[in-house]
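Please look over the sequence and the structure shown here before reading on. The paragraphs that come after are meant to be read with both in view.

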Amino acid sequence: MTLHTRLVQPSTAEDVTRLLGEPESKIFGGGTDLVPNRTWGLDTSGTWVQLRAVPEATMISLDEEGQWSIGAAVTLKAILEHPKLPGLYPLLADAIMAVATPEIRNQATIGGNLCLDTRCRFRNQPPIWRLGLEPCFKSGGSHCYAAPASSQCVAILSSDTAPAFIALGARLKVHSRSNSRWIEALELYTGDGDRHLTLAPGEWIETIRLPSRPPLGVFDKWRIRKSIDFPEVNVAISVAPGENSREMRMVLGAVAPGPIRLREAERLLAQGPWDQDRLVLAAHTVTGAIHPYDNGQMGVVGRKRAAEHILYRALGKLRNMMGEKGVSA
Amino acid sequence: MTIRIPNLVKTPASLSAGPRIDAWAKVTGQALYADDIRWPNMAYGVLVASPYPHARIVKVDLEPAQAMPGVLAALAGPGSVAPYGIMPSTQDEHALATDKVVYLGEPVAAVAATTLAAARDAAGKIVCEYEVLKPVLRPGIEKENPGMEPVHPGRLEGNLFKEVDLEFGDTAKGFLHAYTTAEDTFFYQGSAHVAMEPHAALGYWTPEGRVELITATQTPHYVQRELAVALGIESYRIRVRASVVGGGFGGKSELFPHEIAAVLLSRACGRPVKITLSREEVFYAHRGRHPVSMRVRTAWNKDGRIQAMDFRSVLDGGAYASYGLATTYYTGALQTVTYTIPAYHFHGERWYTNKPPCGPKRGHGTTQPRALVEVHLDRVARALGIDPIELRRRNLTPAYSVTINQLEVGSSGLQACLDAVESLSNWHARRSRPDPDRGLGFACSAYLSGAGLPIYWNPLPHSGVRMAVNRDGGVQVFCGLTDIGQGAETMLVVLVAKALGIKADRIRVYTADTGTTPVDLGSYSSRVSMMAGNAVLEAAQRMRQILKDSVCAHKGVAQSMVVQDGELFYVQGDEPISFTQAVLWAEEDLGPLTTFGAYTPPKALGRYKGAGVGPSPAYSFTACVADVSVDREDGRVTVHHLWVAHDLGTPLHAPSVEGQIRGGVVMGLGEVLMERQAFNPDGRHRGPHLLGYPIPTIRDVPPITIAVVGEPDPRGPMGAKEVGQGPLNPVIPAVINAISDAVGIDVNETPVTPDKVLRALNQKSRRKGL
């Protein structure tokens, strides 16, 4: 049936929460992912709730403690063109620049990219393709075509900014019916490709808050083409220089239903100087840390190799940056 | 050309470098593509597609759809139309599947409604029941699955669509006396055209019983003929017009189910009906490049000259014939046009499978064998210790010669192409001092300037032109050719302006309409400039003579006393006479001024079965060098630069020539690195959409240096040959040869994805380990 989706534009957070409480309702950012999904019959929402009339969700602001907040409805383009943010958080700017194309970045929102629906080669297909197929987990069935042995959906989170925000230590303000709360960016994801966000019905992200002291960081992405493609794998790494020890975050994306924090590699890198061998070893830990399925464009072996490759490349780049900034590696 | 490197390469001058005549309409959005057209009272049609690659149709129930609001007509397959097909001997298609579906996406039913949304809703209500059958997904699979139902039951040959075997000279003897022999195998993956515009058609069955069809097609004449067969009515009752076409590349070269369905729905509901395919449906309508498994064996003498070649190809044809008969022959036809092969054996097979039908795509059937031949020659060169370009040079087919398979090669700038890319790329210096993991690769190729024979046998001209000159001084050119974006209409204007000596803005062209224009067979086989070009020159020369005759008559002077220079006629001792004055005098003498011109290619030399595929009035030649690096860590291939030299005789319109070369090269780049019309084990397309089927973005395109070389061809219009298809072919093997040069791996399959590079690197290091 032709879908009739209602597009609403409430002006207060309370109204957003109320409208989201209705069945089949969803936040609508720039529509760059939802609209194509709807065209293919993958998104069947009855109501799309826009945030562009909610002041908190549309601003980029700086509080007294020096923390920057970005509203969820701010476009990727607006962040890139902000006078301060790209300079302060180049890791974030690099991740945003890696998203899709200029046309899509003009329209897409940062909240939309963080909450991007998961994708799979066996689900994100046009209508005729899906007709004769039994539904998979994400389509309401009980089967996974990408991983037949899996008891849950393994669709991929293809967000480029999610690993970046996690590496930066960003916190997200979640609105719900009763109150609002702050969560770590990594806490947003369940690890299940079907219901991939930890948000309860009616909950939504209003703002993203960045730490006042930006860590050093790098972002890298492996994709088939030099433009438009979703990542086959991406990585964000940050190092926050501390008094005695440094805090490090290594996050890999687009190989699972949520970003993956590479704790073993982090430990390895904390144990000694960043010589060539240590970087190679750290990058190599990724082969044990991720278990991609054949649901991307590239095959499983290729994606693992690409992950190791960009991780090593990113670590090398980060080491050079630390050298320039006088941070001991 | 815009790129001239006069010190290194001799470049022939282009006849014109002005803007294309369709440029403004296209960039301002005024050009009407088929989907832009809206007629009064028009209805919208939607096709219902098979969700299975192979199944028996048990039941199609249209009733629930017919009961929906806004629905005007609904149709299913049985009994509606006769079988049809582009090749007269292999007519195996129906507009809507009758008793079986043979590929996923095959149209089964169609519905028309007052709005597109209503038509879609109604299509979703049509109940189709199937008995699912095991899909035949590759040639020969039934050998491992006895009892498997063939794609088209009742054929003695089973799924084998066509088998051809040709031998010229004594191949066995060539191998027997060889100094050395070599063998390679290769799988060339299928690919889609991905024209920017999806197929669309507007059909109208008029109350008088005539048929109007406006459609995105490359071949209005063939569509008219096929439609007459499919509908069972006389051709003259059908008028087919091509809309402005947003790219064809071979994918719009025959009648399609949606075109028939639009007409049938219109007959059923009395209104014009438009059907526009979705991108997904375009991937299923397909007719793209055949996946081909190939094997080549060659025999060589001590000097690095080919003594014999044995070439085998197995084509995975998909569910229907399409142009497949011709494609099969084409995989063996042009090997001899680039290199002198004294003894040549070719064996080709095409098989039916339960996949969207394959057909012609830019380079039609010659791209796949060219890839293998050029990769093979590189390996032979390595084995013999001869420079790859030098090895080719020793084997080039000379200009104005006849090949062993009876193809008449005319002008050839192949040698000049080799020389050009060799010097432009600084080949020898770079090859002797390679950077780590970086390599240079070379390949060359040849292509037809128009197929020597039509698709259906007939002795008539391949292209006709009617020209009129009016008393306003304007020139009208009527020709059935179809501008699919390649610049065919601009070509007419350039030639007419030159031939009549007039300004281009006097000329208007009327094309691609079987109701008003003389037949041109269509935009395929790179035939339009050669054939319509020669036809329009003939019409123009006749017109020029008429005008001159009238000037002579009115001035009472002999022909020799009149000289035309540009738009002025000079008569000795008199004031110059304007073009328009000459036209007025001629109309006064003769009535409305009309001339015609026609072109029929020279007779082919070959007299064997299959000799009709390969002959052409002239061949274009191309050479390419690719500069490539390979990342050993992630398997990524980066193309840094491409040098392409093309011999097309006289360039008629520089911007179109450059556009065609760049377009062909980029398409080749996509095929070698990323494109694949591939299928999952259940018969589903890997990704029938523009994310699932990547083609190069502009950021993936490296710098391309173009050189246009060669001499005017004696048969071409003002010396011109083709440029639309040839430049694609050498790109694929040049890149593969460069990969081999960079990291020493032999790649035997396209596309060369990072996964395959990593696998090949792995195998290589394992071999070393042993």
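This is a predicted model: local features need pLDDT of at least 70, side-chain atom pairs count only at pLDDT 80 or more; totals for chains, interfaces and linings use all residues.

Residues are numbered from 1 along each chain as its sequence is written, and chains are lettered from A, with ligands numbered from 1, in the order in which they are written.

The secondary structure of chain A amounts to 13 helices and twelve strands, where helices (H or I, at least four residues) and strands (E, at least two) are DSSP runs numbered from the N terminus. Chain A has a radius of gyration of 20 Å, close to the 20 Å that the globule rule gives for 329 residues, so it is as compact as a globular protein of that length; the radius is taken over C-alpha atoms, and the rule is 2.2 Å times the number of residues to the power 0.38. Along the principal axes, the C-alpha atoms of chain A fill a box of roughly 60 × 50 × 35 Å. Of the 329 residues of chain A, 49% count as buried, a residue being buried if 20 or more other C-beta atoms, placed from the backbone, lie within 10 Å of its own. Among contacts in chain A between residues at least 6 apart in sequence, 64% join residues at least 24 apart, two residues being in contact if their C-beta atoms, placed from the backbone, lie within 7 Å.

Within chain A, helix H5 (residues 90-97) and helix H9 (residues 161-168) pack at an angle of about 170 degrees with their axes 9 Å apart, the axes being lines fitted to C-alpha atoms over the stretch in contact and the angles running from 0 to 180 degrees between N-to-C directions. That makes H5(A) roughly antiparallel to H9(A), a term for angles over 145 degrees. Here Leu91(A), Leu92(A), Ala95(A) and Ile96(A) of H5(A) meet Thr161(A), Ala164(A), Ala167(A) and Leu168(A) of H9(A).

Between the chains, 23 residues of chain A are in contact with 27 residues of chain B. On the side of chain A that touches chain B, helix H8 (127-131) and helix H13 (300-325) of chain A are the elements that give two or more residues, and H13(A) gives the most, with five.

For chain B, the assignment, which is automatic or from a database, gives domain 1 (34-133 + 198-245 + 252-285), domain 2 (292-453 + 606-769) and domain 3 (463-599). The centres of domain 1 and domain 3 of chain B, taken over C-alpha atoms, are separated by 40 Å, and their contact takes 13 residues from domain 1 of chain B and 14 residues from domain 3 of chain B. Helix H5 (220-231) and strand E11 (238-242) of chain B each supply at least two residues of the side of domain 1 that touches domain 3.

Elsewhere in chain B, the axes of helix H15 (residues 528-555) and helix H16 (residues 579-590) come within 8 Å and cross at roughly 85 degrees. H15(B) and H16(B) are therefore roughly perpendicular to each other, as angles of 65 to 115 degrees are called. Ten of the ten residues of helix H8 (residues 324-333) of chain B are buried, so this helix is largely enclosed by the rest of the structure. The buried residues of H8(B), including Tyr329(B) and Tyr330(B), pack against elements of chain B, among them strand E14 (306-316) and helix H10 (367-384).

Notes. A residue is buried if 20 or more other C-beta atoms lie within 10 Å of its own, exposed if 12 or fewer, and partly exposed in between; C-beta atoms are placed from the backbone. Angles under 35 degrees count as roughly parallel, over 145 as roughly antiparallel, 65 to 115 as roughly perpendicular and the rest as oblique.
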